[in-house]
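Student: Could we go through this protein chain together, one question at a time? I would like to see how to read it.

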Amino acid sequence: MYEKRNNTESGETGNSPIHNEELERQVLASLINSYQDISEVNGILSEDCFHNLDLRDVYKAMMTVYNRGDTPDMLLLQHELSKSGSSFGLNDIVKLCVETQPLSDVVPHAGLLQDYMFRRKLWQLGQILITKCTTQQESVESIHTEVRNGIDNLLDVGTSKVITLESSYKRLQEQMLVNLSRPEGEIFGTPTGFPEIDNDGGLCGTDLIIVGAETSQGKTSFATAMTIAAIQHGDGVAFYSLEMSALQLSARIASMRSGIPAKRILRKQMSYEEIALVDDAMKNLDTSKLYLDETSTSSLDSLVMSIRKLWMKYGIKGAVVDYLQLVKVSDKSLNREQGVAETARVLKNLAKELDIWIIAISQLSRNPQSPVPTKTRMRDSGQIEEAADMIILIYRPKDGARFPEPFADKSTVGTAWINIAKGRNVGESTFLCGFKAENTLFYALDESQIGSSGLSGQFPASPKSLLTENLPF
């Protein structure tokens, strides 16, 4: 067991200032047991929030592990503590986590520790004032300046994330000048391959984009098409499929690029010519920009940590989660709807924190009487809409059904209806795009090409012409 250190902070004399060691233990235990909460208290907690010096060491070790993109579990914490020379060992960490009651919501309690920290610093300044005023060794002016600067610095710490409209508007002016100098046709964010979305900026950092549709409508394929456009642009993307393996996803992308069906690429004996065709199609794509973390599980904690790690290590610009309803939250007290809402909220906060875009695919509930999708039919949670910056709905009519107006006279063969049902910064809109079923490929299409009986200049069916003529990426 470690030897308990003298837990009086430097500069403290007399009676100990306000602190709550049990609350410090509860906050630390909560963050270790549920490390995704660290991002929520990052702007609140600091080393000085922990009056107990041993617990302060634990917090410093936890943030060191977390900031390099690793999970701050007990073994990594112990390793980091031993590197720093701390006597706080593995048994002490286990005891901290096992014997301390974790908090259901750590944020307000972290705020309380911050408040205690501010009061302790004011107390320390008061001690300085008392001590220096008992003699005439320093002038009143110098004492006043020292204490005033101490208070001002303390307030700067407490308001480090608070900015004025003046400073925010200066940043806006800079952004307007950047937009002015942007070359014609260059978009603000990451391109999707669909002009109707790209003309409004594409995929932008901090945004949570929900892609929703009923089963077998092509949600994953649409998100994959946007992913291909992103990596073609040079942006790194992390893709998490909770249903497909990395090999299956690779086969789907190869199919979309080459025109050869994915099941043939994956399971059939192809000719050397076909293999060469696939290789040629993939050569034009920077495959090193797409990251598939097969070690991550379906848990929300694992997902968040993986995205954070890939962002820190490779500078990814976006992530795709396929799909929302399969992600498992650690809080067993949440029902299914609450769990989906929590997942959406955490992903939105993560996108904002890392300044990346995140696409989350969502199932829609079936409605045979009214098959046209609406955002109210997102399965298990009405709160997904609140968290989302953009909601994209996909509809491919079946059994003789037609597109909704104003596309009711357009052919449904080889086409799909896309509805931007929510656009926090871009508004709502609808458009038609092409869909090549044998390759599950969505692609941009000029609506003038779509007649009542089919497509004019339809997307070529042969793999060879796919490569040389109308490849959409």
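Predicted model: local features only at pLDDT ≥ 70, side-chain atom pairs only at ≥ 80, totals over all residues.

Student: In which sense do β2 and β4 pair, parallel or antiparallel?

Tutor: Strands here are DSSP runs of E with at least two residues, helices are runs of H or I with at least four, and both are numbered from the N terminus. Two strands pair if DSSP finds at least two bridges between them. Strand β2 (residues 237–241) and strand β4 (residues 318–322) have five bridges, and the sense is parallel.

Student: How many residues of β2 are buried?

Tutor: Buried means under 20% relative accessible area, exposed over 50%, and partly exposed in between (1.4 Å probe, protein chains only). Val237, Phe239 and Ser241 point one way from β2, while Ala238 and Tyr240 point the other way. In a regular strand the side chains alternate between the two faces of the sheet. Strand β2 is mostly covered, and the number buried is five of its five residues.

Student: Which strands are at the edges of the sheet?

Tutor: The open sheet has nine strands in the order β3-β2-β4-β5-β1-β6-β7-β8-β9, with mixed pairing. An edge strand pairs on one side only, and here the edge strands are β3 and β9 (441–443).

Student: Which residue of β7 is the bridge partner of Ile391?

Tutor: Strand β6 (residues 390–395) and strand β7 (residues 415–423) run antiparallel and are joined by six bridges. For Ile391, the partner in β7 is Lys422.

Student: Are α1 and α6 roughly parallel or oblique to each other, and why?

Tutor: Axes are lines fitted to C-alpha atoms, for helices over the stretch in contact (heavy atoms within 4.5 Å), and angles run from 0 to 180 degrees between N-to-C directions. Angles under 35 degrees count as roughly parallel, over 145 as roughly antiparallel, 65 to 115 as roughly perpendicular and the rest as oblique. Helix α1 (residues 21–33) and helix α6 (residues 106–133) pack at about 140 degrees, with axes 10 Å apart. Therefore the name for their arrangement is oblique.

Methods: Residues numbered from 1 in each chain as written. Heavy atoms only, no water.
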